[in-house]
Amino acid sequence: MLKAINWIGCLFLSLSSFAQLNQFTFEEVDSLNKLRSKPIVVFLHTNWCSYCEAMMQTTFKDEELIQTLNDHFYYIPFDAESENDVVFQSHTFTFQPNGNKQGVHQLAIELGKFNGGLSYPTTCILNQDHEIIFQYNELMTKDHLLLV
């Protein structure tokens with residue numbers, strides 16, 4: 001019985017030391033910024049993008065990056081093809097259909113459009129006034145993102 005308790009205790013300790021990235025929605029950040037203003041990291045992705053998935057499984061799983069994002073930023077992962085309306089800064093952004101069951105979200109266009117186009121993944125940082133101060137339209141490693 002004592003061995004079982006020790007094993008369960010070790011399992012609990014190892015699980016509790018795993019860093020968890022705090023993720024928010026645009027609506028939540030609007031409210032949170034009234035309490036504590038922080039820059040926002042927005043990760044624009046799609047379900048079909050293999051580079052987006054790679055970033056989710058590597059870059060955003062790194063414990064050093066998780067700690068930095070949790071301490072100094074609000075992190076919003078956003079599916080650029082989401083069909084749900086988003087209210088951000090008292091403005092409603094909507095899905096913009098552009099073909100047979102295809103389209104892109106208006107907010108993804110606002111935040112991710114670069115040189116006339118939109119590509120995935122896109123990582124952008126908004127300052128406390130919600131102005132884009134950084135935008136990168138390719139896969140980013142944790143080292144690259146930590147340099148920003």
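Because the structure is a predicted model, local features were required to have pLDDT of at least 70 and side-chain atom pairs pLDDT 80 or more, whereas totals for chains, interfaces and linings use all residues. Residues are numbered from 1 along each chain as its sequence is written, and side-chain values use heavy atoms, with hydrogens and water left out.

Helices (H or I, at least four residues) and strands (E, at least two) are DSSP runs numbered from the N terminus. Strands are taken to pair if DSSP finds at least two bridges between them. Strand E7 (residues 122–126) and E8 run antiparallel and are joined by 4 bridges; Ile125 stands opposite Phe134 in E8.

Burial was assigned from relative accessible area (buried under 20%, exposed over 50%, partly exposed in between; 1.4 Å probe, protein chains only). In H2, the buried residues are Phe26, Val29, Asp30 and Asn33. These residues lie on the same side of H2, because they cover an arc of only 105° around the axis, the arc being that of the directions from the helix axis to the C-beta atoms. Lys34 and Leu35, on the other side of H2, are exposed. The buried residues of H2 pack against E1, E2, strand E3 (86–88) and helix H5 (106–112).

Aromatic pairs were identified between rings of Phe, Tyr and Trp (its six-membered ring) with centres within 6.5 Å; planes under 30 degrees apart count as stacked, over 60 as edge-to-face and the rest as tilted. The whole structure contains 7 such pairs. Phe26 and Phe88 are edge-to-face, at 5.0 Å centre to centre and 65° between the planes. Since Phe26 lies in helix H2 and Phe88 in strand E3, the pair ties together parts that are 62 residues apart in sequence. Phe26 is buried at 2% relative accessible area, and Phe88 is buried at 3%. Together with Phe78, Phe26 and Phe88 form one aromatic cluster. A stacked pair is formed by Phe134 and Tyr136, with 6.5 Å centre to centre and 10° between the planes. Phe134 counts as buried at 19% relative accessibility, whereas Tyr136 is partly exposed at 25%.

The charged end of Lys38 sits over the ring of Tyr74, 4.6 Å from its centre (criterion: NZ of Lys or CZ of Arg within 6 Å of the ring centre and within 35 degrees of the ring normal).

Backbone features were also identified. The peptide bond from Tyr120 to Pro121 is cis, with omega near -5°, and Pro121 lies in the loop between H5 and E7. In the loop between E3 and strand E4 (91–93), Gln89 has a positive phi of about 55° although it is not a glycine. Ser90, in the loop between E3 and E4, is likewise not a glycine and has a positive phi of about 65°. Gln89 is partly exposed at 43% relative accessible area, while Ser90 is exposed at 77%.

How values were computed: Contact means heavy atoms within 4.5 Å.
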